[in-house]
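Okay everyone, thanks for coming. Let me put the model up on the screen, and then I'll walk you through a few parts of it.

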Amino acid sequence: MEVIINGKRVETKEGEKILTVAERNGFYIPVLCFHSDLCAMASCRICVVAVNGKFVPSCSTEVRNGMEITTNSPALEKARKINLELLFSQHQEECDDCIWNLNCKMLDLAKEYGVEINRFWDRKSHYPVYHFGASLEYDSSKCIDCRNCIEICKKQGVEFLEIKGRGHLFEVVPSEKENRDCIYCGQCINHCPAGAFEAVGEFEGIEKPFAEKEKKVIFQVAPAVRSTIGEEFGLPYGSVSTGKLVSSLRELGVDKVFDVPVGADFTTIEESKELLERIEKNNLPMFTSCCPAWVKFVEFYYPEFIPNLTSVRSPHIILGGLIKEHFAKKEGFIKEELMVVSLMPCVAKKHEIEREELMIDGVRPVDYVMTTREVGRLLKKSGVDFGNIKEGEMDNPFGESSGSGVAYGTSGGVMQSAFYNISEKEAEFREVEEGVSVAEVEVKRKKIRLAVVHGLGNAKKVLEQLKKDPEKYHYIEVMACSGGCIGGGGQSVPTDEKIRKERKGGLCKATGEKKIRKAKDNQEVIAVYDDFLSSEEAISKICHTRYYKVGKSFVRKSEQKEKNGD
Amino acid sequence: MVDIILKLKEKQLLGRSGSMFPVGEKWEVVRSIPSEKKYVVCNASEGEIDTFKDYYLLKNYPEVVIDGILIAMDTLGAQKGYIYLNKDYYQEFFPALKSVAGERIEIVEKKGGYIGGEETAVIEAIEGNPPEPRIKPPFPSEKGLWGCSTLVNNVETFYFVSKIKKDDYRESRFYSIGGDAPNRGVFEFPESITIKDLLEKTDNSPSFDYFLQVGGGACGEVMLENEINRKIDGLGSVIIYDREKTDINLLMKKWVDFLLVGNCDKCTPCREGLYRIMEMIEKGNYDEIEDMFYVMEETSLCPLGKVAVTPFKTLLKKIWK
Ligand code: SF4
Ligand code: SF4
Ligand code: SF4
Ligand code: SF4
Ligand code: FES
């Protein structure tokens, strides 16, 4: 099968979209609402091309044999320009504070087509801002009604975002239904082309951790950040910039930089202990719990599965606890004088640190969570020359992590770490359905079925399967975001399948570079157990937690400050 | 048995929803496509302002319409048929239709506004989803209800299918005449009749200064007295406006309000274009309206956005000074 694009014959396959074929053959077509993670809804109409003189959206139109396609002409340009002007008329710009600030598709297109951004007044300038817990904000005055957020939230199995009538028009709103709640995965953030969603604190809060001058600021860096943060500075996808990041943070005045993978080694040791216990007591399946969005999903939507979540705390919470309870004492600091900041790929972590039951004697293990994007912004604002900075080394009071600690950043990492910690054999995983990989292994002469799941919608399917057949899987890792934390809601934008792959590649490299592979072989971690985590009580205080059924959380709505006097 | 599809083709029956799509061709596609199941849908969502020919047929000839649906089901091998009725028609006709429809035909109440009548929106609604248009292709005849090949035809189309089967078809169609017409109603006349003759023969030639809207009270085209020597394409609906009594701005406001509520807000040109047209009407300034027409006609997702331009465009061109 073939089509003709701008006069050139090109090969295509049945069912392909015009956009795919054009891009593969080096023809440029502008797109705005299209995101490769989602089925094209073709709402923006920017990607129109002419087929036999008729305009069709290239992102959603399938090729037919012999089709003659024109990707550019004065008529197409005119249509794109006017549609862009209409899109800007429902989008209140707030560029300085926007996650797309430096790579905004809307602004790029505006430039390309000579768009008058203010041709029409912003009809949404008085639309409200919604606040979802400690994690997200949705500024509906920026929304261009593409519905990508609704689709991705549906794909996550959550369906918290909806369309609601508003006079003549519809608007995208958080659901008022009692049985719907946001679980803070943040996927709506990186699927919104208009920057209407952002994390709490983005970017007005980026200097907060440094506000209390008397405090020592300690940063701990999540695995998935190291292969992404470079994107903020134009480095190629998948670049691993651990060393640059460490020196950059130091330049900001951070006192210590710790590595979350060290915390992950503790999680692994505790989690594999619990797994063995549960296998013996036949108290399965067990679920991982290091993804707070997944935890909230279970707590809110599937409370019957709460007992299946491992009681082990997530790596940065354990490391935060160790910093405040152990490291502080060793170094002669007062824990109240420390400001522990987690640098995370994730917005759900902002919610996680607020959980009361994680407090240790009334003190939170982690004081603040910053996303990859936030730290990127802060470094740029502070004029740090990330590209050329010399590579620094982490402060490692509890030693360097194992490779498996770094692997936590991508789907499958937690499972493999815990499992390798108790087994000499490798488990061979194969993908059985979208986002679900399984393996069968033998532990203590029992057959154990492992499942690694990423994307909450896929996890929901697995939970439904477990309801019918509780024996289907015995140990299940779930990461809410597609690809795991490398595709997290706090990561740089854009994020898509190709980019996630590159980030994963980078992380695998970083994993391989570690001298120790397994957590249990990490002598320095073992030393902490001997030194500090020597009693059941200490272990449970630092490393374990509990979960409970939660009701719908309150969505605060705040009015837009009338900026334009409209 | 004489093949009904051949007869439909021979008689050149065109879809009576306004689409003018050859009925025989559509049936042929549904018949020839391999599909696990097949469905037939009778679209009785009649939503255009001041248009009521389907109402007339449902009220007076429900058994003929249902006969047409059953013919389609038998010809195409569909187990199940649906009648998709707008809210008012559902209220009024449900009992009568139910008694003739039998087990194989289910009667469904329309959801949503005007756009709920677009054929793919009808499919979405019957499936239980919000009534929003789908991206075409695939067309319903290829992939309709639950992914199966589905025939969607209008009430009047099914009426004439039954007539054609009985060799009782005289190339006629139904016209609804409304607005300031002296003799409002639904009338059956040949397809080839001119508007002028239609008005005369139905005692509807106005004695006052007038203009017409042909093809529906929202998306129909505005026509002047000197344009009535032609036949009607598209929807068989004529609305007469008394020029003196009609406030042009109010009329456009009525259209735009109807369309803004009736559309699905899915695509930029139709959603934002109509919104800005509303604003222009409020301000009485149409300097930039051509740009709205352009993107709506060229880039809207579904037919509504494209035809929604017609009334404004023709009214402004022919009447607005
Ligand atoms: S998306 Fe963000 S950067 Fe782009 S125009 Fe809107 S506010 Fe500005
Ligand atoms: S909030 Fe963003 S993703 Fe959601 S509909 Fe609006 S523009 Fe699209
Ligand atoms: S954060 Fe996740 S659950 Fe919450 S609204 Fe966004 S996509 Fe839905
Ligand atoms: S997968 Fe990772 S980034 Fe995504 S919500 Fe879970 S912990 Fe956060
Ligand atoms: S990118 Fe294709 S319609 Fe928006």
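**A walk through chains A and B**

Let's start in chain A, with helix α8. What covers the buried residues of α8(A)? The cover includes β13 (286–287), α10 (348–352), α14 (456–468) and β19 (475–479), which belong to chain A as well. One thing to keep in mind as I go: this is a predicted model.

The buried residues include the aromatics W294(A), F297(A), F300(A) and Y301(A). K296(A) and E299(A) are on the buried list too.

Over to chain B now, and its sheet. Here 4 strands make an open sheet, running β3-β2-β1-β4, with parallel pairing. At the edges sit β3 (105–109) and β4 (149–154) of chain B, each with pairing on one side only. Going from one strand to the next, the twist averages 20°.

If you zoom in on β1(B), residues 38–44, you'll find 6 bridges linking it to β4(B), in the parallel sense. A handy pair to look for is V41(B), which stands opposite V152(B) of β4(B).

Which helices pack on this sheet? Take α4 of chain B, residues 62–76: it packs there and touches β1, β2 (80–85), β3 and β4 of that chain. The direction of α4(B) is about 160° from that of β1(B). Then there's α7 of chain B, residues 155–165, which also packs on the sheet, touching β1 and β4 of chain B. The direction of α7(B) makes about 95° with that of β4(B).

Last stop, the place where the two chains meet. Chain A puts 29 residues into the contact and chain B puts in 31. Together they bury about 2700 Å², and 53% of that comes from carbon and sulfur atoms.

What about charges? Between chain A and chain B there are 5 salt bridges. One to click on is R119(A) with E288(B), whose side chains come together at 2.7 Å, N to O.

The most comes from α2(A), with 7 residues.

Terms used
Residues numbered from 1 in each chain as written. Chains lettered and ligands numbered in written order. Predicted model: local features only at pLDDT ≥ 70, side-chain atom pairs only at ≥ 80, totals over all residues. Heavy atoms only, no water. Buried < 20%, exposed > 50% of the residue type's maximum accessible area, 1.4 Å probe, protein only. Helix = DSSP H or I, 4+ residues; strand = E, 2+ residues; numbered from the N terminus. Contact = heavy atoms within 4.5 Å. Pairing = 2+ DSSP bridges. Axes fitted to C-alpha atoms, helices over the stretch in contact; angles between N-to-C directions. Buried area = accessible area lost by both parts, 1.4 Å probe. Salt bridge = Lys/Arg side-chain N within 4 Å of Asp/Glu carboxyl O.
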